[in-house]
Each structure stands twice: as C-alpha cells, then as structure tokens.
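Take a slow walk through this structure with the viewer open. Stop at each place named below and look around before moving on.

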Amino acid sequence: MASSHIAEYYAGKSVLITGATGFMGKVLVEKMLRSCPRVSALYLLVRPKAGQSMQERVAAMMECKLFDRVREDNPDFHSKIVPVSSELTQPGLGIGAADVERLTACINIVFHCAATIRFDEPLKHALQLNVIATQQLLSLAQQMHHLEAFIHISTAYANCNRRHIDEIIYPPPVEPKKLIDSLEWMDDSIVRDITPRLIGDRPNTYTYTKALAECVVQQERGKINVAIIRPSIVGASWQEPFPGWIDNFNGPSGIFIAAGKGILRTMRANNDAVADLIPVDVVINLTLAAGWYTAVQKPKSALVYNCTTGGINPFHWGEIEHHVMSTFKRNPLEQAFRRPNANITSNYLINQYWILVSHKFPALLYDLFLRLSGQKPQMMRIFNRLHKAIGLLEYFSSQDWEWNSENLNMLMSQLSPGDRKTFNFDVRQLNWPEYIENYCIGTKKYVLNEDMSEIPAARQHLRKLRNIRYTFNTVLLVFIWRVFIARSQMARNIWYFVVSLCFKFLSYFRASSTLSK
Ligand SMILES: CCCCCCCCCCCCCCCCCCCC(=O)SCCNC(=O)CCNC(=O)[C@H](O)C(C)(C)COP(=O)(O)OP(=O)(O)OC[C@H]1O[C@@H](n2cnc3c(N)ncnc32)[C@H](O)[C@@H]1OP(=O)(O)O
Ligand SMILES: NC(=O)C1=CN([C@@H]2O[C@H](COP(=O)(O)OP(=O)(O)OC[C@H]3O[C@@H](n4cnc5c(N)ncnc54)[C@H](OP(=O)(O)O)[C@@H]3O)[C@@H](O)[C@H]2O)C=CC1
C-alpha cells in the first residue's frame, strides 16, 4: 500500500461510530479496518433490535459479504470492534455509566452517522433522534479527554429549500432549543397537526431535522474540532470494497428494483434534472479524509463539505432511466411481474394516465386472477405502497440544486498522491453508465440475493411474459373488433377505411422500392 498520511493518523486511535449497523456506517467500519489497519479500536454504539442482542447484531454484520476483503486481509479483524449498548433516543443515549467512563477516557475521533432517514417520520421522533441525540452526543464528546475531531454526517438536502447551497451552516428554520422545549409538552396529535406549518418549504421532517442538527453542531461544539459532511443521494459503491455494493431499498435503489421487476412503469421526474447520486465509498473516503484533516489542521470554524456530483460530473434522470432499463433488460431480475419498461415524465396528467393504464389496471387484473385461483390478492397493496414511496421521492427527482464544493476541492488538494488513491473521492473519474450497470446488478445480487447463474431462466421468464402480452393484445383486439366494429356500420366503415389506407401505403412503398432497384 502507498504511504498514507490518513492511515498513519488513524493508527493507534480509538474511534467512536454511531449508526454503524446502517448502510453508510457499515462501509465506514469496513474501510477503516481495511485501509487503516493499525487503528486501535472501533467502538460502535449499537442497540439490540428484532430479538437480537447488540453483540449478535454486530457479529451478523461482520459476516456480511461487504467484509470479505477485510476478512481475507486480516481474519482476526473482529478483535478491533467493541460494541457498546446504546439507544440514542434515551436520556444519556442509553449508555451505561461504566461505558461512559471507558469512552470518555479513550475516544479520539467520533463519526456520527446515526439518524432516522425516513421521510414520513413523525416530527417528534425525527427531532429526538436527529437533533436531540446529536446534542447529547456532543455533550458526551465534551467530556472526552482525548477527543481530536467530531465528524457529523448531514445531508446535501438539509437546505433543499434553497436552489444554491454553499458550504456553510445556514440559520436554522427555528431555534432548535425552543422547538425541543415546545414539543416536549405537546401530545402527538398536536405535533402532527402543526408539522406542515413548522417544516414550511422543506418536503419532510427528515430534511428539516437534519438542518436543525447542523445548527446544534455549530452551537454546541464548544472547543471541539468539528466537520460536517453533506452527501447528496447515496448510492451503491463505485469501487470499494467491490463495485455495486448496496443493501437497502432507500432512495433510488427501491425505484430501480421496482422498475426492474416490471412493476414500476411510470414516475414523475425531470429527464433533464441532474440526478445527484454519490457512491457510498466516495462519501466514506471523504469522511475519513475530513476526520484526518479536522484533527490535524484544527480549522477554526466547523468546515462543511458538500459531497455531491452534479457540479463536477453531472448525469441526468433521463440518462439514469435509459441505463437502468437497458441493464435490467440484459440482466433481468427473477420472477418479474412484467417486462421492464419504465418511463419518467414531468407531466402530471401523463403520469396519472400511465398510473391508471400501466399500474392500476394490470394490478386489478392480476388480483382478480389471484382471487379466482384461490389466492390472496396482493398487487394493489404493493402498488399502493409503491405510490406512497414515489410520492415522497418525486420532490428530489423533479428539481435541480447547485452545490458549492470548494472545501471538498481544498481537501483533495491537501491529500498526498497515495491518499488520493486510497481515499479517492474524485468523482470526475466516475463513468456513469458503468456505475449504473454495477448499481443495478448490485441490487440484484445483494439486496434481492439473486444468483447471477439464474439469469438465463430470468430471460426465459421475460420471453414468456412477452408471449403472454402478445396473446393478451391479440385477444383484446379481437374482442374490441367483435364488440364495437362488428355492431356498428359507422365503426365498420372507419375500420375498412383504415385497413384500405394501410394497404394503399404498403403497395405504394412496395412499388416505389421495386422501381428504385
Ligand atoms: C423509472 C425507472 C428509472 C428510474 C429513474 C428515475 C429514478 C428516480 C428516483 C428518485 C430517487 C430520489 C431519491 C431522493 C432521496 C434524496 C433525499 C436525501 C437523501 C438523504 O439524505 S436520506 C436517504 C433517503 N431516505 C430514504 O430514501 C428513505 C425513504 N423511505 C421512507 O421514508 C420509507 O421507507 C417509506 C418510503 C415511507 C415506506 O415506508 P413503509 O411503507 O412504512 O415501509 P418500510 O420503510 O417499513 O419498508 C417496508 C418494506 O419495504 C421495503 N421498501 C422500503 N422502501 C421501498 C421502496 N422504495 N421500494 C420497494 N421496497 C421498499 C423495506 O425495505 C421493507 O422491507 P422489509 O423486507 O424490511 O419489510
Ligand atoms: N442514505 C442516504 O442516501 C443518505 C444518508 N445521509 C445521512 O447518512 C447517515 C447514515 O445514513 P444511512 O446509513 O443511509 O442510514 P441507515 O438508516 O441505513 O442507518 C441508520 C443508522 O442509525 C441507527 N439508529 C437509528 N435509530 C437509532 C437509535 N434510536 N439508537 C441507536 N441507533 C439508531 C441505525 O441503527 P439500527 O440498525 O439499530 O436501526 C443505523 O445504524 C445519516 O445521518 C443520514 O442522514 C445523508 C445523505 C444521503
């Protein structure tokens, strides 16, 4: 491995990570273990969940394919991981006194990734996790004797009510402390009623509370060296630990899968708007580099890094649609509902028309078929959920934003040639068609756990669906002919007129092509 200032910096350090069981947290843990092998220990704040203890959860996480490369390099990598029981919504983050003592004595760097990223989260809960937990973590950080840097993961859409977003912390929509105090005594139904007024021109409680969290970081940092990372729409990995790693349905991934399965046929999005996807490994490389820079250079103010692609290497939703469809036609998903054929449109009425014709009508027919064959209808329910999800995402796929990336460029210029390779966050080199292809294949392999060797069978299934469609269209045509054409003289005349016109055109083209030979 080329010499790395970043890896050298992390050597012997104790690192605290929140949200380590999440999508980005896992990639952060993996990258630290692989590229900073001399790190002393990774303390992961984890809660028990779904009947699993925190130890079981961490053990299961490290079994995941994502860790294959680390496992190869160092089979004993588990020894660096220290799970710490924590429920971030509890007072004191639910960390026991002995653990608090241990953490305050040894932690050198904090990476705060945990958050609720749901767009429909009730405001009280989003505030509790995204804002109050951040406040409490900072207060814990204040007690750490050897803390060198605190890195907070925000989102590029925290200020999505603005068109142009600089790398600064904007004034909050409301003073966070005032909101926390007010919501404390309100019951849930009142909070639900006033939420739209509070979030104002932001689309959801997620972006609203992430904006407040940035402000809390600014207000409560005291003397801590702080940096804020603002990724845009985080997608599958580009290069590391291998291309296409993804493990969830969030953001575009669920949309790609629904389109690949032939369920999603239409969605409102602007073909020409920039699709600001950012690969997860890029975000993590930048995060680690920012941790190093913040600890070593100790910038006076909290530096914000917009981690986006649109201003550097733009790609558009229309292009994404094309490459997603092309990939899934060549590498079909198993048991597709219909052949993949999705289109995006910015026109509300056209979208509604296609929802009716291509979503609701086939769902009704299929549910009818399920009922008649004694099974439980399910397609309409799936479409209702899909419509809810795309309704929440459309805000982001229908507009453009412009992010400044001066701090990101500055940081890149500070890296040694070795670090620029090992912790690469230069998205100018990103080849979008190749990335989208790997992303789609990643959803197939790692989200849906489908085997690539089953692709011939999946293709065969698509051919079967095509034949069903041809048969269905033919039957429909004959039916229409029988019902309407055969019963009305005028319809028959129109029909014969159209057919004879077609014949005339055909004979004209045949004659002109014979003459030209
Ligand atoms: C036309 C084809 C070509 C495509 C081109 C155009 C594509 C346009 C895509 C536009 C995407 C824009 C994305 C913008 C996002 C930017 C926002 C800023 C980025 C961030 O900072 S945070 C990350 C973004 N956060 C999210 O994406 C979370 C959004 N999700 C939610 O809020 C909730 O999941 C949702 C959608 C309200 C659904 O809630 P609910 O009904 O309660 O379902 P669950 O979450 O409990 O999930 C149940 C079950 O379903 C799976 N699931 C979740 N989402 C989807 C989905 N979209 N499609 C399919 N399946 C989905 C989930 O994993 C659960 O499965 P289980 O097996 O665990 O039960
Ligand atoms: N994904 C994206 O597109 C983007 C994400 N971001 C930001 O990146 C960060 C990570 O996002 P991502 O990895 O995608 O999110 P995930 O939803 O995958 O992970 C969230 C993490 O937070 C943890 N967490 C949630 N609630 C609690 C709780 N009450 N107590 C303890 N831990 C909790 C989860 O733990 P558990 O496993 O126990 O639920 C999980 O580890 C977030 O701050 C998000 O705002 C920013 C831009 C885009």
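A residue counts as buried if 20 or more other C-beta atoms lie within 10 Å of its own, as exposed if 12 or fewer do, and as partly exposed in between. Keep in mind that this is a predicted model.

Try the rule on histidine 461. This residue sits in helix 18, which runs over residues 455–485. Is it buried, exposed or partly exposed? Histidine 461 has 17 C-beta neighbours inside 10 Å, so it counts as partly exposed. Leaving out residues up to four places away in sequence, histidine 461 touches Gln335 and Ala336. Now find leucine 333. It is 128 residues from histidine 461 along the chain, yet the two C-alpha atoms are separated by 9.7 Å.

Move across to one of those contacts, glutamine 335. It belongs to the loop between helix 12 and strand 12 (343–345). Its count is 12 C-beta neighbours inside 10 Å, so glutamine 335 is exposed. Its backbone deserves a look too. Glutamine 335 has a positive phi of about 50°, although it is not a glycine. Then look from glutamine 335 to phenylalanine 509. The two are 174 residues apart along the chain, and 42 Å separates their C-alpha atoms.

A second residue with a positive phi is asparagine 449. Its phi is about 55°, and it is not a glycine either. Why is it called exposed? Asparagine 449 has 7 other C-beta atoms within 10 Å, so it falls in the exposed class.

Step back into helix 17 itself, residues 432–447. Its buried residues include Tyr435, Ile436, Glu437, Asn438 and Tyr439. Cys440, Ile441, Gly442, Thr443, Lys444 and Tyr446 are also buried. What covers them? The cover includes strand 8, helix 10, strand 10 (277–279) and helix 12.

A cis peptide bond joins glutamate 240 and proline 241, with omega about -10°. Proline 241 lies in the loop between strand 8 and helix 10.

Now turn to the ligands. How many residues surround ligand 1? There are 30, and the closest are Thr155, Phe249, Gly254, Ala342 and Phe396. Helix 10 (252–260), helix 12 (317–330) and helix 14 (379–397) are the elements that give two or more residues to this shell. Helix 14 gives the most, with six residues. By class, the shell around ligand 1 holds 21 nonpolar, five polar and four charged residues.

Ligand 2 has a shell of 27 residues. The closest are Gly19, Gly22, Ala114, Ala115 and Val234. Two elements supply two or more residues here: helix 2 (23–35) and strand 8 (233–235). The largest share, three residues, comes from helix 2. The shell around ligand 2 divides into 13 nonpolar, ten polar and four charged residues.

An unreviewed entry lists residues 359–450 as "domain: Fatty acyl-CoA reductase C-terminal". In the model, that span is 70% helix and 2% strand, and its end C-alpha atoms lie 25 Å apart. The unreviewed entry in UniProt also places the feature "transmembrane region" at residues 470–488 and 494–511. How much of each span is helix? Residues 470–488 are 84% helix and 0% strand, with end C-alpha atoms 27 Å apart. Residues 494–511 are 100% helix and 0% strand, and their end C-alpha atoms lie 26 Å apart.

Conventions. Residues numbered from 1 in each chain as written. Chains lettered and ligands numbered in written order. Predicted model: local features only at pLDDT ≥ 70, side-chain atom pairs only at ≥ 80, totals over all residues. Near = placed C-beta within 6 Å. Helix = DSSP H or I, 4+ residues; strand = E, 2+ residues; numbered from the N terminus. Nonpolar A, V, L, I, M, F, W, Y, C, P; charged D, E, K, R; others polar. UniProt positions renumbered as here; feature names shortened; annotations may be inferred. Contact = placed C-beta atoms within 7 Å.
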